Amino acid sequence: MLKISEWSVPRRIESLRQMDKYLSDIGCAGRYTVWKKYGLPCATEEETTEKLRAIAQDDELYNNALFYYMVCTLERQTLKDLGF
């Protein structure tokens, strides 16, 4: 089984792009708060790619991104009990 630490940087970059796209598609408010550091396009495509590359090259930052993505995808379940 392939461990996440063995994923290539390009694969990690693409996964970050896909996570950000999914959060955008589902209208997740957390995309603009807790996820902001890990997703959201920068002013240019090159800046966005460099931001994602920096995250993808750092195991701790990438693991944090996975955690925050999980928190964001659970937003509907956790906020539903609060009446949102």
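1. In this predicted model, the buried residues of helix H1 pack against H2 and H3. The buried set comprises Arg12, Ile13, Ser15, Leu16, Met19, Asp20 and Leu23. These residues lie on the same side of H1, because they cover an arc of only 160° around the axis. On the other side of H1, Pro10 and Asp25 are exposed.

2. As regards geometry, H1 contains 17 residues, and 24 Å separates its first C-alpha from its last, close to the 24 Å expected at 1.5 Å a residue. Just after the helix, Gly27 adopts a positive phi of about 70°.

3. The largest nonpolar core is made up of 14 residues. Leu16, Met19, Leu23, Trp35 and Ala65 have the most contacts inside this core. Helices H1 (9–25), H2 (45–57) and H3 (59–73) are the elements that each give two or more residues to the core. In general terms, nonpolar side chains tend to be buried together in soluble globular proteins.

4. Leaving aside neighbours within four places in sequence, Met19 is in contact with Trp35, Tyr62, Leu66 and Tyr69. Of these partners, Trp35 is also listed among the core residues with the most contacts.

5. A further distance concerns Met19 and Arg31. These two residues are 12 residues apart along the chain, and their C-alpha atoms are separated by 9.9 Å.

Conventions:
Residues are numbered from 1 along each chain as its sequence is written. This is a predicted model: local features need pLDDT of at least 70, side-chain atom pairs count only at pLDDT 80 or more; totals for chains, interfaces and linings use all residues. Side-chain values use heavy atoms; hydrogens and water are left out. A nonpolar core is a set of buried Ala, Val, Leu, Ile, Met, Phe, Trp, Tyr and Cys residues joined through side-chain atoms within 4.5 Å. Buried means under 20% relative accessible area, exposed over 50%, partly exposed in between (1.4 Å probe, protein chains only). Helices (H or I, at least four residues) and strands (E, at least two) are DSSP runs, numbered from the N terminus. Contact means heavy atoms within 4.5 Å. The expected span of a helix is 1.5 Å times one less than its number of residues. The arc is that of the directions from the helix axis to the C-beta atoms.
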